[in-house]
Amino acid sequence: MNCMVGDTSKAEVVRDIQEKLEQLEQALRPIIPREWLSVDLTMPQLKVILTLSKEGPARMSDLASSLGVTLATATGVVDRLVEKGYVTRESFPEDRRVVICRLSEEGGEFMNRLWQSGRTQVELILEVMTPDQLRIVAQGTDTFIEAARALQQYSRLKDKAAAI
């Protein structure tokens, strides 16, 4: 598709936006919330906590699948999270092979602290903007959300078509 945005091609506008997003990331890096930098978790551990926080309790096999690792590896990751007090495991007496993992109360509080520190940082950034800048950011954010939802819908349709 050869689309023009004013006198500029769509591809050039996309490249410009990607450069601006990289500049945004560079501008945000020095003000990353301290809570995020003090997290003493490996990436797989953080992924498990994020998954359980966003999607709720999950079977050990589903966590292994979402991490792209073996069941034994996922079990090791979860073992360490249980030791830290962030995750609990439940087995079912009728089928001991089924293990459900969920965030513990401490794990939920940990995630709330991380999310809140991020929200606070965004609030601080937004506070230094003028009302006109805030309206522009709000409009751009709405547009970005619409595009992301459209992409999600497209991905779902594509996945359904592939499953047939």
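The largest nonpolar core of this predicted model comprises 21 residues. Within that core, the residues with the most contacts are Val48, Ile49, Leu52, Leu81, Val87 and Cys101. Two or more residues each come from α3 (43-55), α4 (60-67), α5 (71-84), β5 (95-103) and α6.

Let me take Leu52 as an example. Beyond its neighbours within four places in sequence, Leu52 is in contact with Pro57, Ala58, Leu63, Val87, Cys101, Arg102 and Leu103.

Arg102 leads us to the charged pairs. Its side chain forms a salt bridge with that of Glu90, at 2.8 Å from N to O. Since Arg102 belongs to strand β5 and Glu90 to strand β4 (residues 87-92), this pair ties together parts that are 12 residues apart in sequence. Arg102 is partly exposed, at 30% relative accessibility, and Glu90 is likewise partly exposed, at 33%.

The whole structure contains 7 salt bridges. Among them is the pair Asp16 and Lys20, at 3.7 Å; both residues lie in helix α1, 4 residues apart. Another joins Arg135 to Asp132 at 2.4 Å, and these two are about one turn apart in helix α7. Here Arg135 counts as exposed, at 51%, whereas Asp132 is partly exposed, at 48%.

Finally, the largest pocket. It holds about 860 Å³ of space and is lined by 26 residues, with Leu21, Leu24, Leu28, Val137 and Thr141 nearest its centre. Helices α1 (10-28), α6 (105-127) and α7 (131-163) each supply at least two lining residues. By type, the lining divides into 16 nonpolar, 6 polar and 4 charged residues. Thank you for your attention.

Terms used:
Residues are numbered from 1 along each chain as its sequence is written. This is a predicted model: local features need pLDDT of at least 70, side-chain atom pairs count only at pLDDT 80 or more; totals for chains, interfaces and linings use all residues. Side-chain values use heavy atoms; hydrogens and water are left out. On a 1 Å grid over the protein atoms alone, a cavity is a set of points where a 1.4 Å probe fits but cannot get out, and a pocket is an open set with protein on both sides within 12 Å along at least five of seven lines; lining residues have an atom within 4 Å of a point. Grid points are joined across faces, edges and corners, and a volume is the space filled by probe spheres set on the points. Ala, Val, Leu, Ile, Met, Phe, Trp, Tyr, Cys and Pro count as nonpolar, Asp, Glu, Lys and Arg as charged, and the others, Gly among them, as polar. A nonpolar core is a set of buried Ala, Val, Leu, Ile, Met, Phe, Trp, Tyr and Cys residues joined through side-chain atoms within 4.5 Å. Buried means under 20% relative accessible area, exposed over 50%, partly exposed in between (1.4 Å probe, protein chains only). Contact means heavy atoms within 4.5 Å. A salt bridge is a side-chain nitrogen of Lys or Arg within 4 Å of a carboxyl oxygen of Asp or Glu.
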